[in-house]
Amino acid sequence: MRIVRHYQHGAPSVLSLEEAEKPQPGPGQVLIRAEAIGVTFAEVQRRQGIPIGGHAELPGAPGGDVAGVVEAVGEGVTTVTVGDRVVGDVDHGAYAEHVLAGADFLIKIPQDLDAAEATLLPSPAQTAYHAIREAGRLQPGQTIVIDAASGGVGHLAVQIAKALGAGKVIATVGSKAKLDFVRELGADVAVDYSDEDWTDQVLAATDGRGADVVLETVGGDILLKSLGITAQFGTLVFYGSASGDIPPIPTLALSRMKNVAGFSIYAMLYNKPDVVAAGQRHLLELIASGQVKPVVHQRLPLEEAAKAHELMEARAQLGKVVLVP
């Protein structure tokens, strides 16, 4: 089979396609014949040598969200069977024709769901859904700001927030070219955070009070400014740092009755599996009803993994970049 690996950190060109033996599932694992692989920004950072999630070891074999068909199951697997169509987050060796995945967190998907769109379910959609609902505790009628709203998680968060009853969704993006995209997704207000006065624009859209919930994944100066546009008694949810810069939170800013909540989908998976399962069912309903539409920016063959990473690094994508074996 073919698999993408890298033996040094650096530019996207370090990714190389090579031949390898098809793996065999061990206890609790399944072998998936991949139909589509969702590319995540965390793997771009690991390829660069940034230890997102605590690791960036060499040799590297990027992880990702894989949709496909179960070809074999290991000992003790009872939740899925051979022939099931599934999608799941694979932490290593995802850019391949066949991948191994733990059976516990796989999501069974309908036969008519596009594989590339399905790759948005495990990490992006569940992150967006639970960051809004569990960490942000968004209530119907409240205002939410979603930073990086045109990306893999952000574009889903805009739609999910609307579906969960947000009164006003304010989407922030990194360039003028992305403003129309987030408006088409349903954002009530679109703001370019490369504008010097972007926080003033957000405050103006909230009559000066700020947002009840702010979803932040950029880090750096955007994180600190996002805390400034969080309303009193509101919550900023921090779930990533695309910039690689995580500044300290000024505790004095919290004295204005603001909350900061960290979020990790893995913490949800391991500690609240019933809540995650209910969220998966709701997400599938939202997708089936058309309330949430996963957007695939580009589908690239496996041999163009480097191009996929180039798109991600350039922040050029609208939605998800997907590899197709």
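I begin with the second largest pocket, where strand E7 (107-108) and helix H10 (273-289) each supply at least two residues of the lining. Please bear in mind throughout that this is a predicted model.

Of the contributors to this lining, H10 gives the most, with four residues. The residues that line the second largest pocket are Asp104, Phe105, Leu106, Ile107, Lys108, Leu269, Pro273, Val276, Ala277 and Gln280.

Let me now step back to the protein as a whole. Its secondary structure comprises 11 helices and 15 strands. The radius of gyration is 19 Å, close to the 20 Å that the globule rule gives for 325 residues, so the protein is as compact as a globular protein of that length. Along the principal axes, the C-alpha atoms fill a box of roughly 60 × 40 × 35 Å.

I turn next to a sheet. In general, the strands of a sheet pair through backbone hydrogen bonds, in either a parallel or an antiparallel manner. Here, six strands form an open sheet in the order E10-E9-E8-E11-E12-E13, and the pairing is parallel. Which strands stand at the edges? They are E10 (189-192) and E13 (259-262); each has a single partner strand, so one side of each is left without a neighbour in the sheet. From one strand to the next, the twist averages 20°.

Within this sheet, strand E8 (residues 143-146) and strand E11 (residues 211-216) run parallel and are joined by three bridges. Ile144, for instance, has Val213 in E11 as its bridge partner.

Two helices lie across these strands. Helix H4 (residues 154-163) lies across E8, E9 (168-173) and E11, and runs at about 170° to E8. Helix H6 (residues 198-205) lies across E8, E9 and E10, and runs at about 165° to E10.

I close with two details of the backbone. Pro59 is found in the loop between helix H1 (41-48) and strand E4 (64-73). The second detail concerns Phe233, located in strand E12 (residues 230-238). Phe233 is a residue other than glycine, and its phi is positive, near 70°.

Methods
Residues are numbered from 1 along each chain as its sequence is written. This is a predicted model: local features need pLDDT of at least 70, side-chain atom pairs count only at pLDDT 80 or more; totals for chains, interfaces and linings use all residues. Side-chain values use heavy atoms; hydrogens and water are left out. On a 1 Å grid over the protein atoms alone, a cavity is a set of points where a 1.4 Å probe fits but cannot get out, and a pocket is an open set with protein on both sides within 12 Å along at least five of seven lines; lining residues have an atom within 4 Å of a point. Two strands pair if DSSP finds at least two bridges between them. Axes are lines fitted to C-alpha atoms, for helices over the stretch in contact, and angles run from 0 to 180 degrees between N-to-C directions. Contact means heavy atoms within 4.5 Å. The radius of gyration is taken over C-alpha atoms; the globule rule is 2.2 Å times the number of residues to the power 0.38.
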